[in-house]
Structure formats: structure tokens, C-alpha cells
Amino acid sequence: MQVRQLAYFVPDIERAARKHSRAFGSGPFFTFPHVPLISSVHRGVERAFDHSSVYGQWGDLMVEFVALHSDDPSAISDVFPPGSGRYGLHHAAIWVEDLDAAIADYEARGMPLAQYSVTAFGTAFAFLDATASLGHMIELYARDEGLENFYAMVRDAAKGWDGADPVRPLEL
């Protein structure tokens, strides 16, 4: 399984994207404020997961910066408790063919499901708790055309990019 993305929890997604772009030449980044979800279940309980993300290309990987807008329990607050002042690598994202089968496989290997969410666009994703072995979560996505197109759009924007306008709104 190939890691497709590294994601970092940060207090300010645009600031983090600009700093990363200056330091590593990554980008451009596309902001997605208050990612709309139709459901989100954290540790067996339906909860709000109000977050914003910004996505950019960093070499062969997508890099994401994510910020929370509430102190509600989530897979992010599992790693970075509210008020701790801690930030950093939260997850590595992997595409799978069968999300339910992959969740069961990871759970059998000691990485329990921490959160399962579905976006307003119908894309399901799961955070598996790999903190005991890796120090971060694993995010699984079922590979589909929409996901592939999104990753391709971010990757293609980086081709020949001149470094101008490093943070942009995501046009849906």
C-alpha cells in the first residue's frame, strides 16, 4: 500500500501552507474551509467533526494541513488534546479498494478504528489508531474516481508552478 498523503494538525492552515511552501517549494495549496460531512462517528459515538483543510503537492506526495474549529472529541484530538498546544504529523493517508475490509484488516493488526466519516460528496474515510506503533493515525479512503480526480488536480497544479499565489480557494 502506497502512502498518498501526509497530514499535519496545525492552528492555522493557510499560514502553515505558506511556511511549508517557502521552506520546501510545495504547492500550490487549495483551501477547503469547514469540510462538509453528512456523518462522523468517533469511537462509536456520532459527533461533529468541524475542520478545515488545505491541500498541496510536495514532490510525489500530497500534503494536507488541518485545523479544528471545536473541542469535540475526534481522531485529531485523540493525538493532539485540546489545550495541549501540541501540533504535528497526524496521519498518513492510503487508498484501498474495499474500505470495510481494510478497516477489519487494520483492526486485526492492532490498529482500531478511531473515526469513520462521510463527506457531503459521499466520500468515506476512516482514521485507524496506529499511535501505539507509529505515533500517528492512518487514514484510509476507498479509491474512487472523485478521489483520483482531486489528487490529480492538486498534482497537476504543481507541474510548472512558479511559486506565485501559494494558497488558493478550492473551486468545487
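Start with helix α3 (residues 99-108), whose buried residues are Leu99, Ala102, Ile103 and Tyr106. Buried here means under 20% relative accessible area, exposed over 50%, with partly exposed in between (1.4 Å probe, protein chains only). These four sit on the same side of α3 because they cover an arc of only 100 degrees around the axis, taken from the directions from the helix axis to the C-beta atoms. An α-helix has 3.6 residues a turn, so residues three or four places apart point the same way. Helices (H or I, at least four residues) and strands (E, at least two) are DSSP runs, numbered from the N terminus.

This is a predicted model, where local features need pLDDT of at least 70, side-chain atom pairs count only at pLDDT 80 or more, and totals for chains, interfaces and linings use all residues. Residues are numbered from 1 along each chain as its sequence is written, and side-chain values use heavy atoms, leaving out hydrogens and water.

Now look at what the buried side of α3 packs against: β7 (88-96), β8 (113-119), β9 (124-130) and β10 (136-142). Just after the helix, Gly110 takes a positive phi of about 90 degrees.

Gly110 also leads us to Asp129, as the two are in contact (heavy atoms within 4.5 Å). Asp129 lies in strand β9 and is buried, at 15% relative accessible area. Its side chain makes polar contacts (N or O atoms within 3.5 Å, one able to donate a hydrogen and the other to accept it within protein; residues adjacent in sequence count only if both atoms are side-chain atoms) with the side chains of Arg43 at 2.8 Å and Thr131 at 2.5 Å.
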